[in-house]
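Subject: Structure for you to look at

Dear colleague,

I am passing on the structure below, and I would be glad if you kept it open while you read my notes.

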Amino acid sequence: IFLRPSLTRDRCMALMFLRADRFHVAAAAQRICRFYEEKLRLFGDAKLTSSITLQDLSDDDISSIFNGAGHLLPQKDRSGRMVFFADYLFLDYQDWTN
């Protein structure tokens, strides 16, 4: 948060994590920490506080996205959000870290 203080005022992001943990504040805080730890591991400190775009992905990452493993379901959840379903049997990649 000290790298980009505006993240502390991002209500949409905070709400996203709170909803994921059914508004349990401590669990949401832990989820936020795990999110940034994983983002740091995957993309490094240069991208830690910025949004990840397609330009940040490798060719292998992009082919994994477009290979048919991921689907947006036609129905929305009870809160009106789109539901993304991933079928890991369709994933095909060169490097297992993708």
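The notes below go through the helices, the aromatic rings and the cysteines.

This is a predicted model, in which local features need pLDDT of at least 70 and side-chain atom pairs count only at pLDDT 80 or more, while totals for chains, interfaces and linings use all residues. Residues are numbered from 1 along each chain as its sequence is written, and side-chain values use heavy atoms, with hydrogens and water left out.

Helix H1 (residues 11–20) and helix H2 (residues 25–43) pack at an angle of about 115°, and their axes are 8 Å apart; helices here are DSSP runs of H or I with at least four residues, numbered from the N terminus, and axes are lines fitted to C-alpha atoms over the stretch in contact, with angles running from 0 to 180 degrees between N-to-C directions.

Two aromatic pairs were counted, where rings of Phe, Tyr and Trp (its six-membered ring) pair if their centres lie within 6.5 Å, and planes under 30 degrees apart count as stacked, over 60 as edge-to-face and the rest as tilted. Phe-17 and Phe-35 form an edge-to-face pair, 5.5 Å centre to centre with 65° between the planes, and this pair links Phe-17 in helix H1 to Phe-35 in helix H2, 18 residues apart. Phe-35 also pairs edge-to-face with Tyr-36, at 5.0 Å and 80°.

Finally, the structure holds zero disulfides, a disulfide being a pair of cysteine sulfur atoms within 2.5 Å.

Best wishes

Notes
Helices (H or I, at least four residues) and strands (E, at least two) are DSSP runs, numbered from the N terminus.
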